Amino acid sequence: MNTIPKKSFAQKWHVKAIVWTVIVLALFIASCSVTGVDVGVFLTGFNQFMQIFYEMLKPDWSYVPFTVQPIIQTIQMALIGTLIGSIVAVPFSVLAARNIVTNPAIRGIIRFILNLVRTLPDLMLAAIFVAVVGIGPMAGVLTLAIFSFGMISKLFYEAIETIDMGPIEALTAAGATKTQVVWFAVLPQVYNHFLSYFLYTFEINVRASTILGYLGAGGIGELLQRSLGQFRYDRTAIVVIGTFIVVVVVDTLSNQLRERLQ
Amino acid sequence: MTIKKTFWQKYEAWIWALVFVLIYIWAFSGIPATGIQAVAGEVTKSILNGMLHPDFSYVYTGDGEDLVSLLLQTLAIAFAGTLASAIFSIPFAFWAARMKKGGIHFTSSTGKLFLTIVRTFPEIVMAIMFIKAVGPGPFAGVLAVSFHSIGMLGKLFAEAVEEIDRRPAEAIIAAGGTHFDVLIHATIPAVIPEFISLTLYRFEIAVRSASILGLVGAGGIGAPLIFAIGTRWWPRVAIILLGIIVMVTVIDFLSGYLRKKLV
């Protein structure tokens, strides 16, 4: 005989969902009052917003030649930052992988450092590096190196943790040292993953590097800052369009290469 | 007998390596190596010194301009922005989601293109535009976060919609249900856990971006940070960085825990 399954009171009236909704709504209202959200102000100020937008709809095409060099520099910064970040990430990711380093203390410390690095937003790193090494693309490269190091080492150690342990056991049984095991059994298995993550990180770095110049860390962002400072929104539009094209081209190329790697 | 390899099979790896090296020679040629200023070592030393002596008096002063209040304001910007954006993203997601296989889909393609444009539009520029509209302050930050997040959330939501199991929808249609019934009883229950999980993930990102929006005057902890860096006030920089690290770590942990419970 078919019976309708009995639901408890909490299930029938969706108590859990209602409680969560109330909590989220309360937090939302609190956040809005803390940040002074005022729809009226937004609606009256919306003309101002649209005015900038209209100016951006008439891009200053004569500005295009000036954006070429900064765009090239942006890509170069992203390339170098990704390379430095990934090279530094390799030893860290090996030390953070559960199946390679059996000592939980070492692994824990390394992972803790990696987590700390990942909490820092890219623009904040850029602000600090501009203060340290001065205005210029060097600050951008260092920012991207640190930023991609945090991200890529996590992707790398997760890739290492999924490998087949057979070759490692075989090499250990044959008397190989730890370094030999990593070199001949671990790295060949994760090589393709590494390349794929390298490209993925490069995509993210290109996106990030287009904005770093806003704080003086080189690349196309410098023009963003200059045009906004001069209220030349028609030029800002050119910079935004240029950024868009670069991001789309790099994403497409990198996606093609990554598909070939799989 | 040895198996003959073609030229390409034999040298493919070397050719790629050569391409790689050439690209990097080009890249390094574009970055002036002499860009480091002479005082870099000194500045690094004073930064490290400041990091060892954080300015703990800034943590709480009670005037609303201290670390704790500004971190809370940053969280509020991220929360309000992300939640508003999650709601606005839903229609965009259904616009961009491709519901049938094969062929060209005008609706889906235009939706995806729109979301890509929103995603690539720099958040800082958006923040500046909103500052012109509503004046400097956290409200501009909320608007920037919520508009910018639509680009990413809309895309992730659309992918979630594309991946749902279509059989419940077919069953409802077969049993005589309307498209509205499909939406209420099949589509929405299937995508809600996914949407919540993606929103939490986006919230983690929004916390990071809200903490830098202050650089352009859109509220939060970014403004005092850039001021402290500009005046080389390293103990103050150190305590703000510590605060941000703690805040981001706690939020990542909480959000990760909630997302694990959802799956």
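This is a predicted model: local features need pLDDT of at least 70, side-chain atom pairs count only at pLDDT 80 or more; totals for chains, interfaces and linings use all residues.
Is B:W95 buried, partly exposed or exposed? Good morning. With a relative accessible area of 31%, B:W95 is partly exposed. On this scale, buried means under 20% relative accessible area, exposed means over 50%, and partly exposed lies in between, with a 1.4 Å probe and protein chains only.

Residues are numbered from 1 along each chain as its sequence is written, chains are lettered from A and ligands numbered from 1 in the order in which they are written, and side-chain values use heavy atoms, with hydrogens and water left out.

Let me begin with the interface. Here 62 residues of chain B are in contact with 60 residues of chain A, where contact means heavy atoms within 4.5 Å. The size of an interface is often given as the accessible area lost when the parts come together. For chain B and chain A, the buried area is about 5200 Å², and carbon and sulfur atoms give 82% of that. Buried area is the accessible area (1.4 Å probe) that two parts lose on being put together, summed over both.

How many salt bridges are there between chain B and chain A? The count is zero. A salt bridge requires a side-chain nitrogen of Lys or Arg within 4 Å of a carboxyl oxygen of Asp or Glu. Five residue pairs, with both residues at pLDDT 80 or more, are in polar contact across the interface of chain B and chain A. A polar contact is a pair of N or O atoms within 3.5 Å; within protein, one must be able to donate a hydrogen and the other to accept it, and residues adjacent in sequence count only if both atoms are side-chain atoms.

On the side of chain B that touches chain A, helix α1 (residues 7–29) of chain B gives the largest share, nine residues. Helices are DSSP runs of H or I with at least four residues, numbered from the N terminus. Sorted by class, this side of chain B has 47 nonpolar, 10 polar and five charged residues. Ala, Val, Leu, Ile, Met, Phe, Trp, Tyr, Cys and Pro count as nonpolar, Asp, Glu, Lys and Arg as charged, and the others, Gly among them, as polar.

I turn now to aromatic rings. Over all chains, the whole structure has 16 aromatic pairs. Rings of Phe, Tyr and Trp (its six-membered ring) pair if their centres lie within 6.5 Å; planes under 30 degrees apart count as stacked, over 60 as edge-to-face and the rest as tilted. One of these pairs joins B:W95 and B:F114, which are tilted, with 5.6 Å centre to centre and 35° between the planes. B:W95 lies in helix α3 (residues 67–96) of chain B and B:F114 in helix α4 (residues 106–120) of chain B, so the pair ties together parts 19 residues apart in sequence. B:F114 is partly exposed, at 33% relative accessibility.

A second pair is formed by B:F130 and B:F147: the ring centres are 5.0 Å apart and the planes are at 55°, so this pair is tilted. B:F130 is in helix α5 (residues 123–134) of chain B and B:F147 in helix α6 (residues 138–162) of chain B, 17 residues apart. B:F130 is buried at 0% relative accessibility, whereas B:F147 is partly exposed at 34%. Together with A:F42, A:F46 and A:F49, these two residues form one aromatic cluster.

My last topic is charge. Side chains of opposite charge can pair when their charged atoms come close. The search over all chains finds 13 salt bridges. In one of them, A:D60 meets A:R232 at 3.4 Å, N to O. A:D60 lies in the loop between α3 (39–56) and α4 (64–96) of chain A and A:R232 in the loop between α10 (221–229) and α11 (233–261) of chain A, so parts 172 residues apart in sequence are tied together. A:D60 is buried, at 14% relative accessibility, and A:R232 is partly exposed, at 30%. A:D60 also forms a salt bridge with A:R235, with the closest N and O atoms 3.3 Å apart. A:D60, A:R232, A:D234 and A:R235 are linked in a network of salt bridges.

Thank you for your attention.

Conventions
Helices (H or I, at least four residues) and strands (E, at least two) are DSSP runs, numbered from the N terminus.
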